[in-house]
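These entries record what I looked up in the structure shown below. I kept them in the order in which I consulted each region.

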Amino acid sequence: MEQSPDHHPEQRERLPDAFDDLLANNKKFAERFDLHGFDGVAHAGVLMITCMDSRIVPLEMVGLTFGDAKIIRTPGGRVTTSALAGCIAGVHLLQVNRIMVIPHSRCAMAAADDDVIIDRIRNASGADASWVRFGASADQRRTLHRDVEKLRNHPLIGDRAVVGGFYYDVDTGLLERWD
């Protein structure tokens, strides 16, 4: 069997222990875990779509806690096909009645468009990512407006949930309404 050019044998050799630290942390977490029996619905009726950026702590930034909201993370906090599916499921099955779409400051997906991101990936790794659509755009206000309208006008969401667009500043922790 021919190996793909992206195959890295040295990476595969590290895989057996690459997650050991995280599994050890999980054991400590499980020792004090007391959140069993949760029903899985959004108790505050909230679903948040935000970026995968680790500087964002979705529940804490709006004063919510475990079980209050559904969180969907995408590059740039965009309403992707998968995020849309999550919103539909949330609204119909998980008691979601408010949807927040939240891009943020200093986002890599707002620094360039898809073509530039794809070129950066190619330059960094030699891999062809031309088939991937990230939804990157420097005009965050315009893309947020489009994403919010997509949800507001969707026949399975629009009349069942209030949708709001917000902008999160990773340096101040403040949210600003942008819709």
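**Entry 1: Thr65 and its loop**

I began with Thr65, which is partly exposed, with a relative accessible area of 49%. I worked from a predicted model. I placed Thr65 in the loop between α3 (58–61) and β2 (69–74). I then looked up the C-alpha atoms of Thr65 and Asp53, which are twelve residues apart along the chain, and found them separated by 19 Å.

**Entry 2: The whole chain**

I next noted the overall layout. The secondary structure of the protein comes to six helices and five strands, and along the sequence I read the pattern α-α-β-α-β-α-β-α-α-β-β. Along the principal axes, the C-alpha atoms fill a box of roughly 50 × 45 × 35 Å. I recorded that buried residues make up 39% of the 179 residues. Of the contacts with a separation of 6 or more, 64% are accounted for by residues 24 or more positions apart.

**Entry 3: Thr50**

A polar atom of its side chain lies 2.8 Å from the backbone oxygen of Ile102. I also listed what Thr50 touches, leaving aside residues up to four places away in sequence: Ile56, Pro58, Ile72, Arg73, Thr74, Gly77 and Ile102.

**Entry 4: Helix α5**

I checked the length of helix α5 (residues 114–125). At 1.5 Å a residue, its twelve residues should span 16 Å, and the end C-alpha atoms are 16 Å apart, which agrees. Which residues of α5 are buried? I noted Asp114, Ile117 and Ile118. Seen down the axis of α5, these buried residues fall within an arc of 100 degrees, so they line one face of the helix. In general, an α-helix has 3.6 residues a turn, so residues three or four places apart point the same way. On the other side of α5, I found Asp115 and Asn123 exposed.

I then inspected the two ends. At the start of α5, a side-chain oxygen of Asp113 reaches to within 3.2 Å of the backbone nitrogen of Asp115. Just after α5, Gly126 takes a positive phi of about 80 degrees.

**Entry 5: Helix α6**

I applied the same length check to helix α6 (residues 140–152). At 1.5 Å a residue, its 13 residues should span 18 Å, and I found the end C-alpha atoms 18 Å apart, in agreement. The buried residues I noted in α6 are Gln140, Thr143, Leu144, Asp147, Val148 and Leu151. They cover an arc of only 135 degrees around the axis, which puts them on the same side of α6. What do the buried residues of α6 pack against? I recorded β1 (46–51), α4 (81–93), β3 (98–102) and β4.

**Entry 6: Aromatic pairs**

How many aromatic pairs does the structure hold? I recorded three. In one of them, the rings of Phe29 and Phe33 have their centres 5.4 Å apart and their planes at 55 degrees, so the pair is tilted. Phe29 is partly exposed, with a relative accessible area of 41%, and Phe33 is also partly exposed, at 35%.

Tyr167 and Trp178 form a stacked aromatic pair, at 4.1 Å centre to centre with 10 degrees between the planes. This pair links distant parts of the chain: Tyr167 is in strand β4 (residues 162–168) and Trp178 in the segment after β5 (175–177), eleven residues apart. I noted that both Tyr167 and Trp178 are buried. Arg141 lies over the face of Trp178, at 4.0 Å from the ring centre.

**Entry 7: Positive phi outside glycine**

Lastly, I looked up two loop residues. Phi of Gln95 is near 65 degrees, a positive value in a residue other than glycine. Gln95 is found in the loop between α4 and β3 and, at 52% relative accessibility, counts as exposed. Arg106 has a positive phi of about 50 degrees, although it is not a glycine. I located Arg106 in the loop between β3 and α5; at 54% relative accessibility, Arg106 counts as exposed.

Definitions and conventions:
Residues are numbered from 1 along each chain as its sequence is written. This is a predicted model: local features need pLDDT of at least 70, side-chain atom pairs count only at pLDDT 80 or more; totals for chains, interfaces and linings use all residues. Side-chain values use heavy atoms; hydrogens and water are left out. Helices (H or I, at least four residues) and strands (E, at least two) are DSSP runs, numbered from the N terminus. The expected span of a helix is 1.5 Å times one less than its number of residues. Buried means under 20% relative accessible area, exposed over 50%, partly exposed in between (1.4 Å probe, protein chains only). The arc is that of the directions from the helix axis to the C-beta atoms. A polar contact is a pair of N or O atoms within 3.5 Å; within protein, one must be able to donate a hydrogen and the other to accept it, and residues adjacent in sequence count only if both atoms are side-chain atoms. Rings of Phe, Tyr and Trp (its six-membered ring) pair if their centres lie within 6.5 Å; planes under 30 degrees apart count as stacked, over 60 as edge-to-face and the rest as tilted. A charge sits over a ring if NZ of Lys or CZ of Arg is within 6 Å of the ring centre and within 35 degrees of the ring normal. Contact means heavy atoms within 4.5 Å.
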